[in-house]
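Hi,

Here is the structure I promised to pass on.

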Amino acid sequence: MAKVESFTLDHTKVKAPYVRLITVENGPKGDAISNYDLRLVQPNTNAIPTAGLHTIEHLLAGLLRDRMDGVINCSPFGCRTGFHLIMWGEHSTTEVAKALKSSLEEIRDTIEWKDVQGTDKYSCGNYRDHSLFSAKEWCKTILDQGISDEPFERHVI
């Protein structure tokens with residue numbers, strides 16, 4: 001079986017919340033696709049409940065696209081500690097961390113239920129499993145800790 005980089009990461013050494021560049025893959029025509037680890041909570045210490053994580057996911061899908069060009073997808077980790085962010089091109093972890101921070105601030109401060117996309121049975125595969133209250137509380141907690149652009153030492157942006 002192919003080795004997956006994320007499974008070789010020593011999860012006991014990282015210091016969340018952080019943004020980490022996992023890899024840059026180059027396609028046959030030279031296109032670069034970058035994969036980032038947006039780790040919001042410390043692995044094996046905490047996990048965001050599914051309803052809150054699901055709402056954060058739906059909001060980040062739009063908010064990150066508003067802030068950065070080239071966003072392809074933002075998908076939650078199964079362990080519920082953060083997200084993969086897949087993007088065209090190469091971006092610094094500082095640039096991504098600033099966009100993430102600004103997005104989480106908007107969720108915490110101004111987002112209302114009417115702003116959350118994909119919350120009905122026509123647009124979401126599990127539309128009943130959302131919580132804006134949980135999303136806002138987790139964003140507060142994450143932002144209070146600060147988001148680092150380095151995974152192994154705290155370099156809060």
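Leaving aside neighbours within four places in sequence, which residues is Leu9 in contact with? They are Val14, Tyr18, Arg20, Asp37, Arg39 and Phe152, where contact means heavy atoms within 4.5 Å.

Before the rest, a word on the source. This is a predicted model, so local features need pLDDT of at least 70 and side-chain atom pairs count only at pLDDT 80 or more, while totals for chains, interfaces and linings use all residues. Residues are numbered from 1 along each chain as its sequence is written, and side-chain values use heavy atoms, with hydrogens and water left out.

Back to Leu9: you'll find Leu9 in the segment before β1 (18-26). (Helices, H or I with at least four residues, and strands, E with at least two, are DSSP runs numbered from the N terminus.) Leu9 counts as buried at 11% relative accessibility; buried means under 20% relative accessible area, exposed over 50%, and partly exposed in between, with a 1.4 Å probe and protein chains only.

Thr81 is another one to click on. Thr81 sits in the loop between β3 and β4 and is buried, with a relative accessible area of 2%. Not counting residues up to four places away in sequence, Thr81 touches Leu38, Arg39, Leu40, Val41, Pro43 and Asn46.

Now the helices. α1 (residues 50-67) and α2 (residues 93-109) pack at about 130°, their axes 9 Å apart. Axes here are lines fitted to C-alpha atoms, for helices over the stretch in contact, and angles run from 0 to 180 degrees between N-to-C directions. The pair is therefore oblique; under 35 degrees would be roughly parallel, over 145 roughly antiparallel, and 65 to 115 roughly perpendicular, with the rest oblique. On the α1 side the contact includes Leu59, Leu60 and Leu63, and on the α2 side Ala99, Leu104 and Ile107 are among the residues involved.

Ala99, in helix α2, counts as buried at 6% relative accessibility. Beyond its neighbours within four places in sequence, Ala99 is in contact with Leu64, Arg67 and Met68.

Last, the core. The largest nonpolar core has 33 residues, and Leu38, Leu60, Leu85, Leu104 and Ile107 have the most contacts inside it. Such a core is a set of buried Ala, Val, Leu, Ile, Met, Phe, Trp, Tyr and Cys residues joined through side-chain atoms within 4.5 Å. Elements giving it two or more residues include β2 (32-39), α1 and α2.

Cheers
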